Amino acid sequence: MNIAQHIALIDELCFRPFPAEHGPSDEGTGGSGHFVAVLESSHGLRGGDQGERGITVDQYEKFRDALAERLSARWGETDPYNLDTVLLRTERETIPQPWATLGARARVACLWEAEGTGRWIALAVADRDETDEVQLLAVVTETDPP
């Protein structure tokens, strides 16, 4: 993992114009009012060896925490954001993107409002679906968290 490259990408996404429609981007996906960048991916580690998957999740959580330490120095310490609650709320109400998808993919996020940009930044490990690869995600959005 290259922390400097990941921070540079997050900084760039804080100022890059959002795409008009949902679709793939060089970093992951984007849509009206948001980007979801895949910072790290287990590429092909889907289901299978749960021990290997667990090691990957642990490593990505350490990566997330290392990035969070740098971003917290800039934007302040924050409490973990519980995405389980977001997932449960999707059963009763419409949760805006990218939050609904993030809640379906990850359990917890580190979250900041990037001062002076009008955007929110979330870091999360997408590991909820054991049949899918594990990913370290950076979400940049103009939509307030639900």
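Helices, taken as DSSP runs of H or I of at least four residues, are numbered from the N terminus. On this basis, in the predicted model considered here, Pro98 lies in the loop that runs between helix 3 (83-89) and helix 4. The peptide bond that joins Gln97 to Pro98 is cis, with an omega of about 10°.

Two packed helices are described by the angle between their axes and by the distance between those axes. For helix 1 (residues 3-13) and helix 2 (residues 50-75), the packing angle is about 50° and the axes are 10 Å apart, which makes helix 1 oblique to helix 2. The crossing in which helix 1 passes helix 2 is right-handed. On the side of helix 1, the contact is made by Ile3, His6, Ile7, Ile10 and Asp11, while helix 2 contributes Ala66, Leu67, Arg70, Leu71 and Arg74. Sorted by class, the residues of this contact between helix 1 and helix 2 comprise six nonpolar, one polar and three charged.

The largest pocket of the model has a volume of about 160 Å³. Its lining consists of 14 residues, and among these His22, Thr29, Val36, Thr101 and Arg105 lie nearest the centre of the pocket. Several elements take part in the lining of the largest pocket, with at least two residues supplied by each of strand 2 (28-31), strand 3 (34-41), helix 4 (99-105) and strand 7 (135-141). In terms of residue class, the lining of the largest pocket has six nonpolar, seven polar and one charged residues.

Definitions and conventions. Residues numbered from 1 in each chain as written. Predicted model: local features only at pLDDT ≥ 70, side-chain atom pairs only at ≥ 80, totals over all residues. Heavy atoms only, no water. Axes fitted to C-alpha atoms, helices over the stretch in contact; angles between N-to-C directions. Parallel < 35°, antiparallel > 145°, perpendicular 65-115°, else oblique. Left-handed = near helix turned anticlockwise from the far one by under 90°. Contact = heavy atoms within 4.5 Å. Nonpolar A, V, L, I, M, F, W, Y, C, P; charged D, E, K, R; others polar. 1 Å grid on protein atoms, 1.4 Å probe; cavity = no way out; pocket = protein on both sides within 12 Å on 5 of 7 lines; lining within 4 Å. Points joined across faces, edges and corners; volume = space filled by probe spheres on them.
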